[in-house]
Amino acid sequence: MKKGGYIIIVLVAVFLLSFLASKIIDSDTNVIQDQIVIIPIKGVISSSSSSGLFEETNVGIDSVLNELKKAKQDSSIKAVVLDINSPGGTVVASREIANAVKNLDKPVVAVINEVGASGAYWVASSADVIIANELSITGSIGVISSYLQFSDLMDKYGVKYEQLTAGQYKDLGSQFKDLKQDEKIILQSKLNKVHEIFLKEVTERRNITDIRKVSTGEFFLGIEAKELGLIDKFGNRDAAIEEAKKLANSNSPRIVEFKEKRSLFDLLGQVSAKSFYFLGKGIGSEIKLDTENNYKLEAI
């Protein structure tokens with residue numbers, strides 16, 4: 001074969017290889033440009049994530065907000081599924097996540113598994129569609145502020161509480177003294193204000209059929225929640241993904257799940273939290289107080 005023939009064969013081979021390579025790159029690009037991400041919201045919603053020996057696993061607000069920010073900025077992500085299994089959490093953290101979901105500018109589907117109540121429902125209410133099982137626990141649109149009160153125990157053992165303050169209500173809510181009537185009125189008024197905001201934002205985002213009923217703080221099973229307009233459809237995570245595909249107008253997107261990286265201690269903490277659930281759930285929850293502010297508002 002002449003030299004010119006070899007050159008032609010080489011050029012044809014190069015052309016074919018280039019063509020195949022471009023097809024592979026295009027195929028990968030199409031997959032990357034069409035994604036639906038699943039963001040898990042599992043555990044108590046808090047300002048920071050934790051899972052210690054005697055603690056419940058918390059949903060850290062920073063990790064969720066970062067995931068939502070990535071989803072908003074990444075043009076390849078066409079829709080988001082919020083995979084919720086949470087009893088709620090602190091007011092500010094729940095509201096910040098709910099607002100971030102509302103401002104995502106992409107289709108969002110929330111799926112409630114066992115429970116999506118209170119602060120977790122606040123987050124779900126910002127989604128375009130809410131899916132839950134007929135027996136999922138939802139709603140619980142209310143606010144609670146609680147703390148252990150040790151004054152009687154201290155009296156029994158002759159322990160006295162003395163604290164110097166500048167400001168009449170500086171030690172408002174201290175667990176070491178009885179809560180006076182005027183202090184109860186102050187705390188209750190603040191809870192009422194938070195509840196008003198919570199209820200207002202949920203009812204603005206959802207077609208609630210009976211606002212009075214849902215405002216009591218009662219939790220509802222999925223089958224009841226659908227009648228009240230708290231959820232849209234019955235189903236599971238697979239159903240939520242299919243709904244997200246429809247909203248994103250995408251037939252075969254790549255499904256990606258954001259997962260927070262956890263250390264060995266985090267994993268051991270999750271196991272121990274479940275093991276000690278019945279032993280120390282109530283006690284552990286109450287001991288986790290802010291020692292500086294004495295009490296914490298919770299939407300759970």
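1. Lys 213. Lys 213 lies in helix H7, which covers residues 211–214. Setting aside neighbours within four places in sequence, Lys 213 is in contact with Glu 218, Phe 220 and Leu 228. Leu 228 is 15 residues away along the chain, and its C-alpha atom is 8.7 Å from that of Lys 213.

2. Confidence. The model is predicted. The average pLDDT of the protein is 78, and 69% of the residues score at least 70. Two stretches call for separate mention. Residues 27–31 have a pLDDT below 50, and beyond near neighbours in sequence this stretch has 1 contact in the model. Residues 269–297 also have a pLDDT below 50, but for that stretch the model shows 49 contacts beyond near neighbours in sequence.

3. Overall make-up. The protein has 11 helices and 12 strands. It consists of 300 residues, of which 39% count as buried. Among contacts with a separation of 6 or more, 74% are between residues 24 or more positions apart.

4. Helices H2 and H3. Helix H2 spans residues 61–73, and its axis comes within 10 Å of the axis of H3. The two axes cross at roughly 5°, and H2 and H3 are therefore roughly parallel to each other. On the H2 side the contact involves Ile 61, Val 64, Leu 65 and Leu 68; on the H3 side it involves Ala 93, Glu 96, Ile 97, Ala 100 and Val 101. By class, this contact holds 8 nonpolar residues, no polar residues and 1 charged residue.

5. Helices H3 and H6. Helix H3 (residues 91–102) also meets helix H6 (residues 181–205), with axes that come within 12 Å and cross at roughly 20°. H3 and H6 are therefore roughly parallel to each other as well, since an angle under 35 degrees falls in that class. Their crossing is left-handed. H3 contributes Val 91, Arg 95, Ala 98, Asn 99 and Lys 102 to the contact, while H6 contributes Val 194, Ile 197, Glu 201 and Arg 205. The residues of this contact divide into 4 nonpolar, 1 polar and 4 charged.

6. The two contacts of H3. With H2, the count is 8 nonpolar and 1 charged. With H6, the count is 4 nonpolar, 1 polar and 4 charged.

Definitions and conventions. Residues numbered from 1 in each chain as written. Predicted model: local features only at pLDDT ≥ 70, side-chain atom pairs only at ≥ 80, totals over all residues. Heavy atoms only, no water. pLDDT = per-residue confidence, 0-100. Contact = heavy atoms within 4.5 Å. Axes fitted to C-alpha atoms, helices over the stretch in contact; angles between N-to-C directions. Helix = DSSP H or I, 4+ residues; strand = E, 2+ residues; numbered from the N terminus. Parallel < 35°, antiparallel > 145°, perpendicular 65-115°, else oblique. Left-handed = near helix turned anticlockwise from the far one by under 90°. Nonpolar A, V, L, I, M, F, W, Y, C, P; charged D, E, K, R; others polar. Buried < 20%, exposed > 50% of the residue type's maximum accessible area, 1.4 Å probe, protein only.
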